[in-house]
Protein chains: 2
Amino acid sequence: MQEGILSDTYFMKEAMKEAQKAFEKDEVPIGAVIVCNDVIIARAHNLVEALQDVTAHAEILAYTAAAEYLGNKLLPQCTMYVTLEPCPMCAGALSAARIGRLVFGAHDEKRGYSIFNNKLLHASTKLSTGFLKDESINILQKFFNSKRE
Amino acid sequence: MQEGILSDTYFMKEAMKEAQKAFEKDEVPIGAVIVCNDVIIARAHNLVEALQDVTAHAEILAYTAAAEYLGNKLLPQCTMYVTLEPCPMCAGALSAARIGRLVFGAHDEKRGYSIFNNKLLHASTKLSTGFLKDESINILQKFFNSKRE
């Protein structure tokens, strides 16, 4: 798999597929994948309503699956791709996990971690934003518009 | 059960029992209980090393157990007692869960949520601090001193 912008777009498309699964389950459509050595080792989507658990965000579910797969709570060699900017809870988890790199689509102007404090993410985590931003926003708007009908 | 400082001390002692269980498992000794209508509906202690999962903080484990018990992701009628100030991840989870009240022992001067942003906790959550503060610090110091030997 090629390094760089092409593979980032490829993996973010996989995260978008997870967001679409959440949408089809009537969950807020956010998806995530975790990549290690160019292989997806975990994929998850938001399941807060199905599980009645506010911690069941895509990022937390993907992290827990990845840590279990690797048998290690720390993921410095991994990249998380998530369709929306993580909330403070998820940023805190990714910080504790020392995730190597975080790639997200759209900023979350209401609940994004960066509104609270940029240092919620670990200083060693590389950050890239804006991948498939429009698709990320579109599916969220489609979801919230359907709730207003 | 009497309302007020006596019952708060009682429940914080129960949280300290959980911290002691963590200590005996060689985990960072932090414990939590969740109380609803003067009944403990969930109790948990830190299991990060045993589970190799950075999200396995006492607060998250107690929250998940309480939400499952109640069949509801929101806990506005509940109080969490935890021996140490929650980190941003846990404060974010408690905020999303709209926990009614948070009681903690000692402030965490390195990783406490209030260092990052007091608004990580929900505006509707009542806050009380300092219960069994010395016991909370003592067991943590005993743990970290044992690691330095």
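In chain A, five strands form an open sheet with mixed pairing, in the order E2-E1-E3-E4-E5. Strands, like helices, are DSSP runs numbered from the N terminus, with at least two residues (E) for a strand and at least four (H or I) for a helix; two strands pair if DSSP finds at least two bridges between them. The edges of the sheet are strand E2 (39-45) and strand E5 (126-129) of chain A; each has a single partner strand, so one side of each is left without a neighbour in the sheet. On average, and with direction ignored, neighbouring strands are turned by 15° against each other.

This is a predicted model: local features need pLDDT of at least 70, side-chain atom pairs count only at pLDDT 80 or more, and totals for chains, interfaces and linings use all residues. Residues are numbered from 1 along each chain as its sequence is written, chains are lettered from A and ligands numbered from 1 in the order in which they are written, and side-chain values use heavy atoms, with hydrogens and water left out.

Within the sheet, strand E1 (residues 31-36) of chain A runs antiparallel to E2(A) and is joined to it by six bridges. Here A:Ala32 stands opposite A:Ala44 in E2(A). Helix H3(A) lies across E1, E2 and strand E3 (78-84) of chain A, at about 145° to E2(A). Helix H6 (residues 133-148) of chain A also packs on the sheet, where it touches E3 and strand E4 (101-106) of chain A, and its direction makes about 60° with that of E4(A). These angles run from 0 to 180 degrees between N-to-C directions, the axes being lines fitted to C-alpha atoms, for helices over the stretch in contact.

The description now turns to the interface. Chain A and chain B each bring 25 residues to the contact, which means heavy atoms within 4.5 Å. The area buried between them is about 1900 Å², and carbon and sulfur atoms give 63% of it; buried area is the accessible area (1.4 Å probe) that two parts lose on being put together, summed over both. A:Gln52, A:Val54 and A:Lys73 supply 31% of the area that chain A buries against chain B, more than any other three residues.

Two salt bridges are found across the interface, a salt bridge being a side-chain nitrogen of Lys or Arg within 4 Å of a carboxyl oxygen of Asp or Glu. One of them joins A:Glu49 to B:Lys73, with the closest N and O atoms 3.0 Å apart. Helix H2 (48-51), helix H3 (58-70) and helix H4 (88-96) of chain A each supply at least two residues of the side that touches chain B. The largest share, six residues, comes from H4(A).
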